[in-house]
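Take a look at the fold below.

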Amino acid sequence: MRIKARRNGIQPNVDMTPMIDIVFQLILFFLVSTTFAVVPGIKLNLPTSTTAEGTSVKGITIYAQEDGSLYFNDEPASLDTLGLFLSAYDTGDIDKKEFPVTLNADSEVTNGTVVHLFDIIRENGYSVINLRTATEE
C-alpha cells in the first residue's frame, strides 16, 4: 500500500531572523560592556615593588629606557628637549602643579638619570609625579 504525500500541506520552514537578531544583540552587548587596555608600544623592564598601588592616571607620560632614549607621550625626546615638551604641553583648565606626570623608567636606568628627570619635570612647574612600577607576582 502506498501513501500519497500531501501536495497542499505546509512545508517545514525554519525562520532564522529571530536567531540572527539575538546574535547581533549579544555581539553589541559584549562590545559595549568590554573594556580594552591601552598598552604603550614602548617596551620597558619596570622595577618591581611589593607595596605598589594600582592607579589610573591620565596626563603626561615620560618613558626612560635603559639605552638612554626618552619618550614624551610616545614622541621621541632627549634630556635637552624634554623641558621644551613639558613647557609647551597644554594642560587645559588644570594648573600645572596639579597636572599628573607619570615616569616610566626601566629598572636599569640609573638613579642619577631618574633624579635628573625629576628636576626637569619640577623646573617646568609640575609637582604631581608618579613613578610607575610593576607588581611582584
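This is a predicted model: local features need pLDDT of at least 70, side-chain atom pairs count only at pLDDT 80 or more; totals for chains, interfaces and linings use all residues.

Setting aside neighbours within four places in sequence, F72 is in contact with I60, T61, I62, A77, L82, F85, L86 and Y89.

Several of these names return in the largest nonpolar core, which has 20 residues. The residues with the most contacts inside that core are I60, I62, F72, L82, L86, I121 and Y126. Which elements supply at least two core residues each? They are β2 (60-64), β3 (70-72), α2 (79-88), β5 (100-105) and α3 (111-123). The largest share comes from α3, with five residues.

So turn to α3 next. This helix has 13 residues. From first C-alpha to last, α3 reaches 18 Å, close to the 18 Å expected at 1.5 Å a residue.

Which residues of α3 are buried? They are V114, L117, F118, I120 and I121. The buried residues of α3 pack against β2, β3, α2, β5 and β6 (128-131).

Now look at the other face. Turned away from the buried side, it carries the exposed residues N111 and E123. "Exposed" here means over 50% relative accessible area, whereas "buried" means under 20%.

Finally, step past the end of the helix. Just after α3, G125 takes a positive phi of about 95°. Y126, in turn, is among the residues with the most contacts inside the core.

Definitions and conventions:
Residues are numbered from 1 along each chain as its sequence is written. Side-chain values use heavy atoms; hydrogens and water are left out. A nonpolar core is a set of buried Ala, Val, Leu, Ile, Met, Phe, Trp, Tyr and Cys residues joined through side-chain atoms within 4.5 Å. Buried means under 20% relative accessible area, exposed over 50%, partly exposed in between (1.4 Å probe, protein chains only). Helices (H or I, at least four residues) and strands (E, at least two) are DSSP runs, numbered from the N terminus. Contact means heavy atoms within 4.5 Å. The expected span of a helix is 1.5 Å times one less than its number of residues.
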